[in-house]
Amino acid sequence: MTATSQPASSNSTSSAASETAGIGVDLSSEDQILVLDFGGQTAQLITRRVREENVFCQLVRHNLSVDRIREINPKGIILSGGPDSVYGEGAPQPDPEIFNLGIPVLGICYGMQLACLSQGSHVKPGESREFGLAVCKAKGDNPLFRDIPAESRVWMSHGDQVENLSESFNSIATTETCPHAAVQHKSKEIYGLQFHPEVTHTELGGQLLRNFVRGICGCKGTWKIESLIDREAAAIRERVGTGRVICGLSGGVDSSVVAALLYKAIGDQLSCIFVDNGLLRKGEADQVREHFGDHFKTDLHVADARKLFLDGLAGETDPQKKRKIIGKLFIDVFKEEALSIPDSRFLAQGTLYPDVIESGASPDGPAATIKAHHNVGGLPEELGFELIEPLRDFFKDEVRQMGVALGLPEHLVWRHPFPGPGLAVRCLGEVTEERLVILREADAIVIEELHRANLYREISQAFAALLPIQSVGVMGDARTYESTIVVRAVTTTDFMTADWFRMPHDVLQRISTRITNSVRGVNRVVYDCSSKPPSTIEWE
Ligand code: XMP
């Protein structure tokens, strides 16, 4: 991909593009694929697609030495895309010996150009960028294109492309503008794809990656998410030793999985803090007490800060400022609570990969900040704690699988994600107690009706938002001038893109009727039919 953002490396237990693999865990018996990170926005997505094939896969820095690669002993190497041009000054290069290791290599986009260049081909600097769908025509029989029809749609996103293919390669697929859309080395196991098999727009991308990792690399496909838990738990134990870890609970899936993972890793060295900011969904605070106080019996500290947050937000309508206020207050309250817990040294957070990339938290690149996610950055420095983010490399659905394997209750694991700033970003305009009551009740109805219609699991995220506008209605014989609730429901696999859910009309009708009948102050319900992009999932 041509975008500039790159996964941040941090002092998390398993940061993206970590230098080494297998932190404290013997992986010798596990098949694995390494993805060398050349800075492409979808580099981490490649690792996740490979893990979907039940093959362990991780992102490592682009110039990992061949000695280290030999030690790790991967079954295959994938070179990610990247924003650079291969001839550019300082363009990231792999250790040139990776092509002589006898380990299959698949180069994607920039990675393909590197592979071709290293074997004597020429790369044509792009006069213009090609971005979007193209029809890929496969030429004849080839292990990479096994079970792929002669024509299929692929996603292109590149400037440069391979021009004079060296004698040592065969061109195995073309698109209208790209004569070498896929290549295969004649004597070595080196393959290249100019398009991106990892994005869902490439309709048979999963099959292509499967062909590479299962077919060409010979991975068995027996890896399970449980191994990831053991691996992360071992990494946490090694890192924290006998230290105390504080984990902020939000009521959502991510922080619950982190807490359960930490509980498994270090038991009573874990203290959980739950800040009741008054911006939670109906019944949520009680459920946190139930799960982590009664069921898991962690050392649970609940800070009742409802009034403080409401006072802090009074009069504010700007979305980014609301987030900032909440972020700051959260730190204040959390800090006070955390400092009351003696001997704590580490702070665990449930940051996921999409949070990292959307916050532009790149050490090297000025990636665009789309929203100020308050759970990335800031907090540990404020508190003087070391940060632990065991989910930082993973996507939501992978985290859910970990939750199930850790024994969290189904309804919690499958709960739709909920943003850190809570209902404040769904209460457009000023956040007041009265407006929160309206929103909470409407939201509970939406969720209840989706469960009743058996649609909750089919939808990735659904909620109500309260708009800052009033409109005219009629109730009985009287004119009303009241608020509007918008119902949002999306499907997505990675939350980086999303489609709006085609909600059956009878369900919409029940939701609408119940809200307008029972939630005082609402006379209109609308349904949001926008995808991401160009919209985002949340309204603020
Ligand atoms: P957007 O609205 O950016 O949301 O498409 C993508 C996913 O992220 C969640 N989200 C947040 N989560 N802190 C969080 O922990 C935040 O500030 C935040 N903002 C959005 C959102 O609910 C969706 O699942």
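The protein chain presents an accessible surface of about 21,900 Å², and carbon and sulfur atoms account for 49% of that area. The model is a predicted one. Of the 540 residues in the chain, 59% count as buried.

The secondary structure of the protein chain consists of 15 helices and 20 strands. The contacts can also be described by sequence separation: among those between residues at least 6 apart in sequence, 76% join residues at least 24 apart.

A residue in one of the strands illustrates the buried part of the chain. Val-60 lies in strand 2, which spans residues 56-61. Its relative accessible area is 0%, and because the cut-off for burial is under 20%, Val-60 is classed as buried. Gln-44 stands 16 residues away from Val-60 along the chain, and the C-alpha atoms of the two are separated by 9.8 Å.

On the side of helix 8, the contact is made by Leu-308, Phe-309, Gly-312 and Leu-313, while helix 9 contributes Lys-322, Ile-325, Ile-326, Leu-329, Phe-330 and Val-333. By residue class, the contact of helix 8 with helix 9 divides into eight nonpolar residues, one polar and one charged.

Terms used. Residues are numbered from 1 along each chain as its sequence is written. This is a predicted model: local features need pLDDT of at least 70, side-chain atom pairs count only at pLDDT 80 or more; totals for chains, interfaces and linings use all residues. Side-chain values use heavy atoms; hydrogens and water are left out. Contact means heavy atoms within 4.5 Å. Helices (H or I, at least four residues) and strands (E, at least two) are DSSP runs, numbered from the N terminus. Ala, Val, Leu, Ile, Met, Phe, Trp, Tyr, Cys and Pro count as nonpolar, Asp, Glu, Lys and Arg as charged, and the others, Gly among them, as polar. Buried means under 20% relative accessible area, exposed over 50%, partly exposed in between (1.4 Å probe, protein chains only). Accessible areas come from the Shrake-Rupley method with a 1.4 Å probe; for residues, only the protein chains shown count as cover.
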